[in-house]
Amino acid sequence: MDGPHMDTASEIRLIQLLQEEVRCARALLDSLRCERSALDSLDDQVIALNSANKKRLIDSLQSASQARTKFIAGLGGPNVVNGSGQISSSDHGLELDMLFIELAELAQNCFDENRLVGQLINRRTQVITNAIACLSPHNDEQCVVYKENGQLGS
């Protein structure tokens, strides 16, 4: 083996840390999906409730990531891999690899979901901005105006 390696107790602790990080990432992904759904349906109450929850989940995920990073640094940093690129060749090695893969997939899913949420917020902001511009005394000619009878007017 190249470089330092982990004992069984360290592997078990790293598994626990990764499981917590995966749990936090799953919860954040669920929150982001809930937020996207609420934005789609314009449910302001759910959006407001979810916003505070999302902040708490992000803090929890950051804390879990920092705990894992600090633990790995204490073991010798990113060099705690064997010659095959795995963290361990023991019975726990496969579980560790699978947790790292799951965490990477969840991180990508959270990134993608957050991007969709941002797009929805931007669209909603544009609609509101356009509506306000149309209602202003100096509206431009691109605004649609209706007469009292519902017909298009100028």
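Predicted model: local features only at pLDDT ≥ 70, side-chain atom pairs only at ≥ 80, totals over all residues.

Start with helix 3: 45 residues, reaching 67 Å from its first C-alpha to its last, which is close to the 66 Å expected at 1.5 Å a residue. That expected span is 1.5 Å times one less than the number of residues. Helices here are DSSP runs of H or I with at least four residues, strands are runs of E with at least two, and the numbering goes from the N terminus.

Quick housekeeping before I go on. Residues are numbered from 1 along each chain as its sequence is written, and side-chain values use heavy atoms, leaving out hydrogens and water.

Zooming out, the protein chain has three helices and two strands, and from the N terminus they run α-α-α-β-β. Of its 154 residues, 27% count as buried, meaning under 20% relative accessible area, with over 50% called exposed and anything in between partly exposed (1.4 Å probe, protein chains only). Take the contacts between residues at least 6 apart in sequence: 73% of them join residues at least 24 apart. A contact, by the way, is heavy atoms within 4.5 Å.

Back to helix 3. Its buried residues are G93, L96, D97, L99, L103, L106, C110, E113, V117 and L120. So what covers them? The cover includes helix 1 and helix 2.

Helix 1 and helix 3 pack at about 20 degrees, with their axes 8 Å apart. That makes helix 1 roughly parallel to helix 3. On terms: axes are lines fitted to C-alpha atoms, for helices over the stretch in contact, and angles run from 0 to 180 degrees between N-to-C directions. Under 35 degrees is roughly parallel, over 145 roughly antiparallel, 65 to 115 roughly perpendicular, and the rest oblique. The residues in this contact divide into 20 nonpolar, five polar and eleven charged. Nonpolar is Ala, Val, Leu, Ile, Met, Phe, Trp, Tyr, Cys and Pro; charged is Asp, Glu, Lys and Arg; the others, Gly among them, are polar.

Now helix 2, residues 44-75. Its axis and that of helix 3 (residues 91-135) come within 14 Å and cross at roughly 150 degrees. That makes helix 2 roughly antiparallel to helix 3. On the helix 2 side, the contact uses D44, I47, K54, R68 and I72, and on the helix 3 side F100, L103, N114 and R124. By class, that is four nonpolar, one polar and four charged.

Helix 2 buries I47, N50, K54, L57, L61, A64, R68 and I72, and those residues pack against helix 1 (8-41) and helix 3.

Leaving aside residues up to four places away in sequence, R68 touches L14, L17, L18, E21, F100 and L103.

Last, the two ends of helix 2. In the loop between helix 1 and helix 2 there's L42, which has a positive phi of about 55 degrees although it is not a glycine. Most residues other than glycine have a negative phi. After helix 2 comes G76, with a positive phi near 125 degrees.

That's my tour, happy to take questions.
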